[in-house]
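User: I'd like a close look at one part of this model, the place where the two chains meet, and then at the side-chain pairs that go with it. Could you walk me through it in one go?

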Amino acid sequence: MAEATGTVRGKGAGAGRFVRWDVVVTALLVAVFFGGVGISPDFGNTDNLSFALGDLGEIALIALPMTLLVVCGQVDLSVASVLGLASALTGWLWNAGWAFETIVPVVLVVGVVCGLVNGLLVTRLGLPSLAVTIGTLSLYRGLAYVVLGTEAVSQFPAQYAELTTTNVPGTPIPYQVALFVLLAVVTALVLHATGVGRALFAIGAQEDAAFHAGIRVKRIKLVLFVVSGLVAAFAGIVYTLRYGSARADNGVGLELAVIAAVLLGGVDFDGGKGTLGGVISGVLLIGLLRNLLMLNDVATEIQSIVTGLLLIVSVLTPRLAGVVRERRARRRPAAAPA
Amino acid sequence: MKERSSGRMRAPRSFLAVATAGIMALALTACGGTTKDSANSGGGAGAASTASANPNAPLKEGIKLAFLPKQINNPYLTLVDKAGISAAGEYKGEAKEVGPSDASASSQVSYINTLVQQRQDAILISANDPNAVCGPLQQARRRGIKVVSYDSDTAPECRDVFINQAASEEIGRSQVKLLAELMDGEGEFAVLSATANATNQNTWIKYMQEELKKPEYAKMKLVKIAYGDDDDQKSFQQTQGLLQAYPDLKGIIAPTTVGIAAAARYISGSQYKGKVVVTGLGTPNQMRQFVKDGTVEKFQLWNPNDLGYLASYAAAALVSGQITGKQGEVLKAGRLGERTVGANGEIVLGPPFTFDKSNIDQFDF
């Protein structure tokens with residue numbers, strides 16, 4: 001884990017001399033947490049925290065593959081639509097009398113297919129992922145409406161629904177948070193401790209160079225899109241159970257929350273830089289901040305302005321730091337051009 | 001470039017494997033499992049209230065209640081909530097409005113949980129989705145928080161009472177009464193509805209037809225039910241079509257806010273202005289100009305101020321133990337007088353409110 005930061009250095013020397021953004025976000029998170037406990041008596045109790053964490057479930061899950069995608073310079077904007085399609089499909093099949101245990105694998109396969117379509121369009125046709133997934137965002141949401149229309153399906157089996165609304169026995173930790181922790185550990189290991197992870201950073205930093213270094217760029221991207229589709233479909237099932245309502249419009253706009261968390265966590269939108277720890281801090285920061293603002297009856301508009309500003313600062317600060325870094329480097333005679 | 005193609009060939013195989021695994025899992029689970037028929041309602045049992053009501057209990061002071069509309073900045077619900085908040089002043093309660101900026105099914109849920117943490121005495125909700133809000137509302141009720149739904153109901157087991165703006169039967173019947181008044185009880189008329197399968201519209205039309213069977217409407221004849229699909233342009237064209245097809249047409253009832261505005265717009269710019277009666281269900285802001293230019297004399301909807309007022313009093317009565325939400329209990333609602341709790345905890349505001357030149361400027365929604 002020597003390269004635990006996972007940052008490909010080379011875009012500017014002496015990065016270590018600056019405080020990294022993911023550390024800043026984590027510090028902010030700690031500040032918001034303790035500040036919140038101080039400000040609001042209702043904030044720090046386990047009920048509230050356990051609910052606030054549970055509420056982040058789907059965003060947190062989808063943020064994992066999204067981090068990997070953004071690190072390698074890609075983005076998947078269709079995730080919330082895949083979630084909606086998965087939800088609609090779950091509802092439709094449930095209405096049709098299918099067993100829930102059968103519905104789950106079928107819906108997951110559909111998620112894989114959605115991801116595969118994204119991945120193939122990006123890798124085979126060489127289209128930019130932003131354009132492709134803006135298209136499939138619309139396409140998959142449209143399909144969700146074809147499947148279920150404006151109907152809402154409810155009354156899913158209680159034993160599964162409970163898994164999404166209750167805590168691991170004896171702890172204040174919701175089941176989906178426990179699952180998230182598990183998957184986050186796996187993702188962190190992949191990103192920061194394996195060759196695949198190094199390959200992702202390399203692709204994000206310099207795709208051509210990565211390709212010539214023997215990295216199977218297209219294959220890796222394709223797999224990431226498929227994983228993204230799979231996780232989004234899974235999140236769709238969790239979402240449906242948690243709210244007890246399958247609808248085609250479930251999760252509208254959720255992709256923006258996910259990308260906001262990834263960016264806030266310090267992952268460079270151009271690829272090549274970022275840490276999973278930063279993203280997790282980002283997800284938690286947005287969630288807890290929103291919860292705190294709501295507890296204090298801060299108007300929805302202000303909540304939106306606060307998160308917006310935070311996001312802009314998070315993208316801007318590392319850039320500014322980069323400019324400062326470059327200027328300093330230029331002043332040194334030995335500095336090689338980046 | 002050749003290396004690339006070798007890389008390309010491998011990918012599909014791994015997906016084939018995934019797909020195969022998926023299909024196998026499907027096959028394994030296809031026989032047996034939890035289906036809709038075997039699963040016995042996942043909604044969970046409602047917190048059946050066993051408490052008994054004390055109609056003479058005084059209204060408690062300092063009750064904390066929160067209105068949670070479908071979406072903040074919805075002009076209609078803002079009006080309702082404001083009325084409810086000012087009603088709370090009458091019984092010395094503390095009321096507020098909070099809510100999401102989007103009307104998605106789930107966005108209300110985090111607000112419900114926050115209100116639970118804030119230990120409100122009552123939550124008043126206009127639900128975006130009858131089931132998505134159910135779990136958290138039931139949790140709230142388990143902690144002794146009273147839940148009132150208004151405007152748009154939740155599943156019945158998730159709230160104590162539902163404040164219904166108007167019963168379907170009353171809407172249907174009073175629309176016919178109003179039209180009869182405006183047409184002097186005779187002549188041909190048509191209904192301009194929304195879509196052919198809109199449940200609420202069809203229920204209203206059914207009661208209109210029931211009402212028409214009464215002898216006092218013997219000289220009135222319903223010649224056609226047209227559908228404008230809640231589309232302004234289509235409703236406009238349907239109006240035009242009706243007037244061409246039925247030269248003796250004397251009136252149009254449009255029990256839809258889109259339909260009535262489109263019909264009024266057509267009539268106001270045509271030779272039929274002042275000759276053909278247009279009425280139905282509309283909002284004051286949409287209809288103001290047509291009321292002022294004389295195209296429409298009267299139309300109906302409910303009074304959002306009264307709706308909020310009633311909901312506010314219902315919450316206070318629940319918190320104070322005056323009512324529990326059981327059928328037959330009587331709710332004392334300040335200046336509105338008394339309302340009886342109906343089946344399924346439904347409390348009806350009353351017959352629709354009639355808007356005309358004299359009162360339309362008091363409303364902004």
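Analyst: Happy to. This is a predicted model, in which local features need pLDDT of at least 70, side-chain atom pairs count only at pLDDT 80 or more, and totals for chains, interfaces and linings use all residues. Residues are numbered from 1 along each chain as its sequence is written, chains are lettered from A and ligands numbered from 1 in the order in which they are written, and side-chain values use heavy atoms, with hydrogens and water left out.

Let's start with the interface. Chain B brings 44 residues to the contact and chain A brings 49, where contact means heavy atoms within 4.5 Å. The size of an interface is often given as the accessible area lost when the parts come together. Between chain B and chain A the buried area is about 4000 Å², and carbon and sulfur atoms give 57% of that; buried area here is the accessible area (1.4 Å probe) that two parts lose on being put together, summed over both.

Polar links cross this interface too. There are 16 residue pairs in polar contact between chain B and chain A, both residues at pLDDT 80 or more. A polar contact is a pair of N or O atoms within 3.5 Å; within protein, one must be able to donate a hydrogen and the other to accept it, and residues adjacent in sequence count only if both atoms are side-chain atoms. On the side of chain B that touches chain A, helix H1 (2-30) and helix H3 (107-117) each supply at least two residues. H1(B) gives the most to that side, with 13 residues. Helices (H or I, at least four residues) and strands (E, at least two) are DSSP runs, numbered from the N terminus.

Four salt bridges are counted between chain B and chain A, a salt bridge being a side-chain nitrogen of Lys or Arg within 4 Å of a carboxyl oxygen of Asp or Glu. B:Asp129 sits in the loop between strand E3 (122-125) and helix H4 (134-142) of chain B, while A:Arg247 sits in the loop between helix H11 (217-243) and helix H12 (254-264) of chain A. Both B:Asp129 and A:Arg247 are buried; buried means under 20% relative accessible area, exposed over 50%, and partly exposed in between (1.4 Å probe, protein chains only).

Over all chains, the salt bridges come to 25. Within chain A, the side chains of A:Asp22 and A:Arg20 meet in one at 2.8 Å, N to O. A:Asp22 is buried at 9% relative accessible area, whereas A:Arg20 is partly exposed at 31%. Within chain B, B:Lys214 pairs with B:Glu211, with 3.2 Å between the closest N and O atoms. B:Lys214 is partly exposed at 33% relative accessibility, and B:Glu211 is buried at 0%. Shared partners join B:Glu169, B:Arg173, B:Glu211 and B:Lys214 into one salt-bridge network.

Now to the rings. The structure holds 18 aromatic pairs over all chains. Rings of Phe, Tyr and Trp (its six-membered ring) pair if their centres lie within 6.5 Å; planes under 30 degrees apart count as stacked, over 60 as edge-to-face and the rest as tilted. B:Phe236 and B:Tyr266 form an edge-to-face pair, because their planes are at 85°, with the ring centres 5.4 Å apart. This pair links helix H7 (residues 232-245) to helix H8 (residues 257-268) of chain B, across 30 residues, and both B:Phe236 and B:Tyr266 are buried.

B:Phe299 and B:Phe355 are stacked instead, at 5.2 Å centre to centre and 15° between the planes. B:Phe299 is in strand E10 (residues 298-301) and B:Phe355 in strand E14 (residues 353-356) of chain B, so the pair ties together parts 56 residues apart in sequence.

Finally, helix H9 (residues 195-205) of chain A has buried residues including A:Leu200, A:Phe201 and A:Ile203. Among the elements that cover the buried residues of H9(A) are helix H3 (57-71), helix H8 (175-193), helix H10 (207-212) and H11 of chain A.
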